[in-house]
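Here are some notes to read with the model open beside you.

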Amino acid sequence: MKTAILGCAVLATLLAGIAQGKEYPQNPVLRPLTLTDGTIQIAGAYSYGKAHDDDTKAGFGANISYGITDDFQIGLEGLTYSFLKNRASGLELAVNAGIRGHYDNTNIGDSLGLGVSVFGKQVLNNDFALTFGAGYTHWDEEHIDNKYQFNYSLGALVNIADNVTLSANYTFTDLKDFKQDSSNTVRVGVNYAYSKSIDMGIAFKYSDFEETYNNFAFHEQAEKSASMYAAWRF
């Protein structure tokens with residue numbers, strides 16, 4: 001369960017702004033934030049990394065999403081609704097709600113993270129788009145004090161070659177009731193759009209959030225990690 005949830009979280013981040021439907025352009029910069037009506041996306045990833053305690057972390061993750069309408073998507077990452085699409089300006093905004101993590105620990109019990117986020121994309125031209133978002137997560141702890149956090153992110157999508165898109169994202173996390181006051185996460189990745197239906201790529205992540213120091217109920221996140229992923233839509 002831990003590995004599956006971790007994989008879903010990784011995939012949701014890697015594929016943000018990359019999801020597409022069958023009729024959508026191959027260019028990830030121009031793709032909307034939700035799948036089209038009736039489109040299914042299946043994605044998988046393998047991640048390997050090192051934690052702050054020098055322990056290695058590795059595992060597979062999978063995710064599946066379905067476009068109920070052109071603006072409403074359901075999947076293991078939760079419910080996503082695109083509530084603004086301004087084609088003239090290139091601005092799109094969406095909201096997501098779902099489980100951010102569910103882990104068990106022998107000593108301090110279960111930890112369930114529930115969250116909501118608002119995110120968007122501003123397309124500036126066919127080869128460049130800005131991404132941004134803000135979110136809130138509440139961690140319901142079984143035997144220790146509950147925790148919560150606010151996340152703020154800013155990123156970009158840039159086409160660097162035919163069908164090759166570079167993504168970069170920075171997230172600042174304001175931590176409440178943790179020993180740390182805040183944390184920083186940087187992600188970069190390269191996506192290859194093999195076709196309108198298939199994406200594959202690699203991504204790298206660095207985070208200074210120390211789970212053990214913060215008495216978090218799970219210890220699955222890596223300080224530094226690399227991931228390989230693929231997604232198929234039909």
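Is Asn163 buried, partly exposed or exposed? Asn163 is partly exposed, with a relative accessible area of 35%. Please keep in mind throughout that this is a predicted model.

1. **Asn163 and its backbone.** Asn163 belongs to the loop between strand 8 and strand 9. Have a look at its backbone: phi is positive, at about 65°, although Asn163 is not a glycine. For context, most residues other than glycine have a negative phi.

2. **Asp177, in another loop.** Asp177 also has a positive phi without being a glycine, in this case about 70°. You will find Asp177 in the loop between strand 9 and strand 10. Its relative accessible area is 55%, so Asp177 is exposed, the cut-off for that being over 50%.

3. **Gln180, in the loop with Asp177.** The loop between strand 9 and strand 10 holds Gln180 as well as Asp177. Gln180 has a relative accessibility of 12% and therefore counts as buried, since buried means under 20%.

4. **Aromatic pairs.** How many aromatic pairs does the structure hold? There are 7 of them. One is formed by Tyr136 and Tyr148, whose ring centres are 6.0 Å apart and whose planes meet at 50°, so this pair is tilted. Tyr136 is part of strand 7 (residues 128-141) and Tyr148 is part of strand 8 (residues 147-161), so the pair ties together parts that are 12 residues apart in sequence.

5. **The cluster around Tyr148.** Tyr148 also pairs with Phe150: here the ring centres are 5.9 Å apart and the planes stand at 90°, so the pair is edge-to-face. Together, Tyr136, Tyr148 and Phe150 make up one aromatic cluster. As for accessibility, Tyr136 is partly exposed at 30%, Tyr148 is partly exposed at 29%, and Phe150 is partly exposed at 27%.

6. **A lysine over a ring.** While you are looking at aromatic side chains, turn to Phe178. The charged end of Lys147 sits over the ring of Phe178, at 5.8 Å from the ring centre.

7. **A nonpolar surface patch.** Which residues form the nonpolar patch on the surface? They are Ile160, Leu166, Tyr170, Val186, Val188, Val190, Ile202, Phe204, Tyr206 and Met228, and together they have about 840 Å² of accessible area. At least two residues of the patch come from each of strand 9 (164-176), strand 10 (182-193) and strand 11. Val190 is one of the patch members and is placed in strand 10. With a relative accessible area of 31%, Val190 is partly exposed.

8. **The partners of strand 12.** Strand 12 pairs in the antiparallel sense with strand 11 (residues 198-207), over 9 bridges.

9. Which residue of strand 2 is the bridge partner of Gly49? That residue is Lys57. Strand 1 and strand 2 (residues 56-67) form an antiparallel pairing over 11 bridges. Strand 2 also runs antiparallel to strand 3 (residues 72-75), to which it is joined by 3 bridges. In this pairing Ser65 stands opposite Gly75, and a hairpin of 4 residues connects strand 2 to strand 3.

Key:
Residues are numbered from 1 along each chain as its sequence is written. This is a predicted model: local features need pLDDT of at least 70, side-chain atom pairs count only at pLDDT 80 or more; totals for chains, interfaces and linings use all residues. Side-chain values use heavy atoms; hydrogens and water are left out. Rings of Phe, Tyr and Trp (its six-membered ring) pair if their centres lie within 6.5 Å; planes under 30 degrees apart count as stacked, over 60 as edge-to-face and the rest as tilted. Buried means under 20% relative accessible area, exposed over 50%, partly exposed in between (1.4 Å probe, protein chains only). A charge sits over a ring if NZ of Lys or CZ of Arg is within 6 Å of the ring centre and within 35 degrees of the ring normal. Two strands pair if DSSP finds at least two bridges between them. Patches are made of residues with over 30% relative accessible area and no salt bridge: like charges are joined within 9 Å, nonpolar side chains (Val, Leu, Ile, Met, Phe, Trp, Tyr) within 5 Å. Accessible areas come from the Shrake-Rupley method with a 1.4 Å probe; for residues, only the protein chains shown count as cover. A salt bridge is a side-chain nitrogen of Lys or Arg within 4 Å of a carboxyl oxygen of Asp or Glu.
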